[in-house]
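I opened this notebook to record what I looked up in the structure.

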Amino acid sequence: MSDVVEKTLTALPGLFDSQTGAARITNRLRQLIKSITELTSKHDEENLIKQELSAMKEQVSSPNTTMKQMREVMVRAMYCEMLGYDASFTYIHAIKLAQQGGVLEKRVGYLAVSLFLSEGHELLLLLVNTVLKDLQSTNLIEACMALTVVAQVFPKDMIPAVLPLVEDKLSHPKEIIRRKAVLALYKFHLIAPTQVQHIHGKFRKALCDKDPGVMTSSLHIYLQLITESPDGYKDLTGSLVTILKQVVGGKLPVEFDYHSVPAPWLQIQLLRILSLLGREDPSTSELMYDVLDESLRRAEMNHNITYAILYECVKAVYTIHPKAELLEKAARCIGNFVLSPKINLKYLGLKALTYVVQHDARLALQHQMTIIECLDHADYTIKRETLELLFRITNAQNVTVIVEKMLDFLHGCNDEHTIIHLVCSG
Amino acid sequence: MIKAILIFNNHGKPRLSKFYEHYTEDTEQQIIRETFHLVSKRDENVCNFLEGGLLIGGSENKLIYRHYATLYFVFCVDSSESELGILDLIQVFVETLDKCFENVCELDLIFHMDKVHNILAEMVMGGMVLETNMSEISTQAEAHSKMEKSEAGIAGAPARAVSAVKNMNLPEMPKNINIGDISIKVPNLSSFK
């Protein structure tokens, strides 16, 4: 910002007598940042930060430091750590801040903990009691914070201690708590699946929750569970198809609309799950044909997000048991993507072709010319994607040409990783 | 699943870094540098998707990025996320920042890093998308800020004056998001002492 505004920013707080809360807190951070931006060398920056860190060290060890001041120090510590400097002496104080501070201090303490610590860190055990206390708190905000921290970083061995409390939150009257509880349990499932085996029934309840937000969160869990083993969940197909029908038909409250599209991220999630359920299963696929047709038809508008939905539809159509009319519509869709001048769509079209080519090589051959053009595209990502595709449509006739093109690309390619990847798959 | 969310400026200076998977401090810094290196090479007219660098999982993961004036917003995701969906999620995040900070600019992100983290935490939790509605996210995040304002009381006046000054400086507001340039030229303000 210009000098005039800089001067104003620093002068203003001084014009007023009482300086509490937000003004003082950001002041020292402001000074630190200003000083850093004025420096030109990395060496100077290191020296400045080292000075700052030793000042902070004194502050945190002093018994006179108030919670408010500790909060301010913590924000500076987070800033230093973000730049890559070690401020590990503040970690224990972050936990204390979350333990002993008021709501605002707690918030900063928890934030610092989630940024500084990771699973397996010895200090995490100290956090457990604070989290337990906050989960039982009647203050919604404290409970929310505890759930957020639990989903970000929590020692695996202590999950049993906190599990009943989180489970309990699944039936909390406030939907934000239920939603966060669902995601926290999903995190538990990822890091220690055996610990949450017994509560799969509760996930089903979350799926049928009257609040669509909670239902959407439960889909994260189901996507994972169904990816791991689809057979156990085929009975859900009917309900999921009904949900998708209702969403596409505009039955959700208008708050869920995004640029006039009803709950697009939810639609995408549902389409993915349905495609996994319908794979290699004609009877289950049968249940979905209508809704897929409807989704393909509805996603006609020209916004990025409708294209996202279309892409998922197309993938679903090609994953499940084939149906001729749907395949035709999907193929036309892919064609539109690949021929689109919008580069993001071209990329998706190529990606779709790569996916589809195992089912229907003719589609790729239909767009051969466009694909060859893409090989010389200015955008590296497009070139890369085209190569993946070419590799898959290699046959006896075109192998020589394709290998030639690939060699050309490799010669011009600077990225080691790509070279290794291509050579290995070639 | 979202593996990491990074915001850095045109020179690669990190403004926000949140990792949803464990990496050592050193690796995190290297990832930021590597991502900046990959993303800054891109032209303006190319697609918003890139393969992740080696450090963040290589071709298993994708980098989805948007460039707004002086800032890059990068989401590193695995194959379970929809690319265009995440692209719009970045837009939702930026629009929420704009709502919460009143015409957000890079300075806001720098000076209120903790507030930005809090907003992000209402959108993405443990690497999973929690909420996609801009009003919902800002309501949750602001429930905390309301407490901060009541604590500030009279001392909240400088903060309000500061935002008034910042608004005076910025050139005309286009309808879409404008994360203004940090070195904006200010018109003659000689009367303002």
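Predicted model: local features only at pLDDT ≥ 70, side-chain atom pairs only at ≥ 80, totals over all residues.

**Aromatic pairs**

I first looked up A:Tyr347 and B:Phe49, which form a tilted pair with 5.0 Å centre to centre and 40° between the planes. I then asked where the two residues lie. A:Tyr347 belongs to helix 19 (residues 343-356) of chain A and B:Phe49 to strand 3 (residues 49-51) of chain B, so this pair joins two chains. I also checked the exposure of A:Tyr347 and B:Phe49, and both are buried.

I next took B:Phe73 and B:Phe93, whose rings form an edge-to-face pair at 6.0 Å centre to centre, with 75° between the planes. The angle is over 60°, and the pair therefore counts as edge-to-face. B:Phe73 is in strand 5 (residues 71-78) of chain B and B:Phe93 in helix 2 (residues 83-101) of chain B; the two are 20 residues apart, and the pair links distant parts of the chain. I noted that B:Phe73 and B:Phe93 are buried.

I also recorded a cluster in which ring pairs link B:Phe8, B:Phe36 and B:Tyr72.

**Charges over rings**

I looked for charged side chains placed over rings. The charged end of A:Arg30 sits over the ring of B:Phe111, and its distance from the ring centre is 4.7 Å. For B:Lys115, I found a position over the face of B:Phe101, 4.7 Å from the ring centre.

**Nonpolar surface patch**

Which residues make the nonpolar surface patch of about 220 Å²? I found A:Val399, A:Val403 and A:Leu407. I followed up A:Val403, which lies in helix 23 (residues 399-412) of chain A. Its relative accessible area is 40%, so A:Val403 is classed as partly exposed. A patch residue needs over 30% relative accessible area, and A:Val403 with its 40% is therefore above that cut-off.

**Chain A overall**

I counted 24 helices and 2 strands in chain A. The C-alpha trace of chain A spans about 80 × 55 × 40 Å along its principal axes. Chain A has 426 residues, of which 55% count as buried.

**Chain B annotation**

I consulted the UniProt record, an unreviewed entry, whose annotation "domain: AP complex mu/sigma subunit" covers residues 1-144 of chain B. Over residues 1-144, I noted 44% helix and 26% strand for chain B. The end C-alpha atoms of that stretch are 27 Å apart.

How values were computed:
Residues numbered from 1 in each chain as written. Chains lettered and ligands numbered in written order. Heavy atoms only, no water. Patch = residues over 30% accessible without salt bridge, like charges linked within 9 Å, V, L, I, M, F, W, Y side chains within 5 Å. Areas by Shrake-Rupley, 256 points an atom, 1.4 Å probe, with all protein chains shown as cover. Salt bridge = Lys/Arg side-chain N within 4 Å of Asp/Glu carboxyl O. Helix = DSSP H or I, 4+ residues; strand = E, 2+ residues; numbered from the N terminus. Buried < 20%, exposed > 50% of the residue type's maximum accessible area, 1.4 Å probe, protein only. Phe/Tyr/Trp six-rings, centres within 6.5 Å; stacked < 30°, edge-to-face > 60°. Lys NZ or Arg CZ within 6 Å of the ring centre and 35° of its normal. UniProt positions renumbered as here; feature names shortened; annotations may be inferred.
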